[in-house]
Amino acid sequence: MSTRERPRRGVLPPAQENIEKIAKVVKDGNCYGAQQMYKSISARYISAERYSEALDILHSGSCIQLEHGQLTCGAELALLFVETLVKGKYPYDEDTLDRVRKIYKKFPRIPVPQHLDLGDDDDMQKLSEALGAAKVRVECCSSFLKAAIKWSVEAGAHRNGSPELHDMLAEYIYSESPEAVGAEESPNIGFSDSLVIFIQM
């Protein structure tokens with residue numbers, strides 16, 4: 001039996017230990033279980049005011065969940081990442097902006113199907129599903145970026161928020177808009193217009 005002392009109850013290990021442990025849970029296919037671990041474990045670091053390590057856990061979790069196609073899970077952790085920036089009173093700087101950008105780049109970009117026969121029921125179903133999925137992606141990503149923009153205002157960026165973050169938001173909405181990939185084939189005329197509201201702060 002090892003003579004090394006076990007950590008006392010309530011003593012938090014270095015964040016990297018938890019990052020590696022939870023990443024394995026995701027890779028084993030238990031994304032929901034991993035999500036609960038990311039949230040509960042990061043909350044312990046936040047309670048202990050170890051914000052830097054909480055940010056590491058949430059950043060890793062958001063990126064990994066998004067890489068595994070878990071959009072809502074990744075977006076939830078991305079929002080918690082921004083909330084932790086606020087709680088920890090982190091200033092706006094290039095390093096933090098880069099971390100936000102890395103999460104942003106993990107959000108999926110999936111073009112709306114092209115060259116569909118609008119008289120075909122199967123094609124219409126595909127188009128309807130694609131538009132619905134695009135709307136969810138925009139909602140998830142825009143919630144994250146709008147929170148980041150609000151943080152940037154409070155953290156010392158431009159009074160209207162970081163221009164870079166505004167650019168990311170506009171870019172993502174455009175990339176997921178049917179107008180960007182051929183809205184002339186879409187019978188859902190108002191969809192692109194509805195996406196524009198996400199830009200308005």
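Modeller: We can go through the overall layout, then the salt bridges, the surface and some loop residues.

Colleague: What should I know before I start?
Modeller: This is a predicted model, so local features need pLDDT of at least 70, side-chain atom pairs count only at pLDDT 80 or more, and totals for chains, interfaces and linings use all residues. Residues are numbered from 1 along each chain as its sequence is written, and side-chain values use heavy atoms, with hydrogens and water left out.

Colleague: OK. How many helices and strands does the protein have?
Modeller: There are 9 helices and 0 strands. Here helices (H or I, at least four residues) and strands (E, at least two) are DSSP runs, numbered from the N terminus. The order from the N terminus is α-α-α-α-α-α-α-α-α.

Colleague: And what share of the residues is buried?
Modeller: Buried residues are 42% of the 201 in the protein. Buried means under 20% relative accessible area, exposed over 50%, and partly exposed in between (1.4 Å probe, protein chains only).

Colleague: What about the accessible surface, how much is there?
Modeller: About 11400 Å², and 51% of that belongs to carbon and sulfur atoms. The areas come from the Shrake-Rupley method with a 1.4 Å probe; for residues, only the protein chains shown count as cover.

Colleague: What share of the contacts is between residues 24 or more positions apart?
Modeller: Take the contacts with a separation of 6 or more: residues 24 or more positions apart account for 68% of them. A contact means heavy atoms within 4.5 Å.

Colleague: Switching to charges. How many salt bridges are there?
Modeller: The count comes to 10. The rule is a side-chain nitrogen of Lys or Arg within 4 Å of a carboxyl oxygen of Asp or Glu.

Colleague: Why do such side chains pair up at all?
Modeller: Side chains of opposite charge can pair when their charged atoms come close.

Colleague: Give me an example. Which residue does glutamate 76 bridge to?
Modeller: Lysine 39, with the closest N and O atoms 3.0 Å apart. That pair links distant parts of the chain: glutamate 76 is in helix H4 and lysine 39 in helix H2, 37 residues apart. Glutamate 76 is partly exposed at 31% relative accessibility. Lysine 39 is partly exposed too, at 29%.

Colleague: What about arginine 137, which residue does its side chain meet?
Modeller: Glutamate 176, in a salt bridge of 2.5 Å, N to O. Arginine 137 sits in helix H6, while glutamate 176 is in the loop between H7 and helix H8 (178-181), 39 residues away.

Colleague: Is that arginine 137 buried or exposed?
Modeller: Arginine 137 is buried, with a relative accessible area of 5%.

Colleague: Where does lysine 102 bridge within a helix?
Modeller: Lysine 102 pairs with aspartate 98, and their closest N and O atoms are 3.5 Å apart. They are 4 residues apart in helix H5, so about one helical turn separates them. Lysine 102 is partly exposed at 44% relative accessibility, and aspartate 98 is partly exposed at 30%.

Colleague: Which residues are linked in a network there?
Modeller: Asp98, Arg101 and Lys102 are linked in a network of salt bridges.

Colleague: New topic. Which residues make the negative patch on the surface?
Modeller: Asp93, Glu94, Asp95, Glu164 and Asp167 gather there. Helix H5 (94-106) and helix H7 (163-175) are the elements that give two or more residues to it. Patches use residues with over 30% relative accessible area and no salt bridge: like charges are joined within 9 Å, nonpolar side chains (Val, Leu, Ile, Met, Phe, Trp, Tyr) within 5 Å. Lys and Arg count as positive and Asp and Glu as negative; His and the chain ends are not counted. A charge is placed at NZ of Lys, CZ of Arg, CG of Asp or CD of Glu.

Colleague: How exposed is glutamate 164?
Modeller: Glutamate 164 is partly exposed, with a relative accessible area of 32%. Helix H7 is where glutamate 164 is found.

Colleague: And serine 162, buried or exposed?
Modeller: Serine 162 is buried, at 0% relative accessible area. It lies in the loop between helix H6 (121-154) and H7. Leaving out residues up to four places away in sequence, serine 162 touches Tyr92, Leu97, Ser152 and Ala157.

Colleague: Last one. What is phi of glutamate 49?
Modeller: Near 60°, a positive value in a residue other than glycine. Glutamate 49 is in the loop between helix H2 (31-47) and helix H3 (51-67), and is exposed at 58% relative accessible area.
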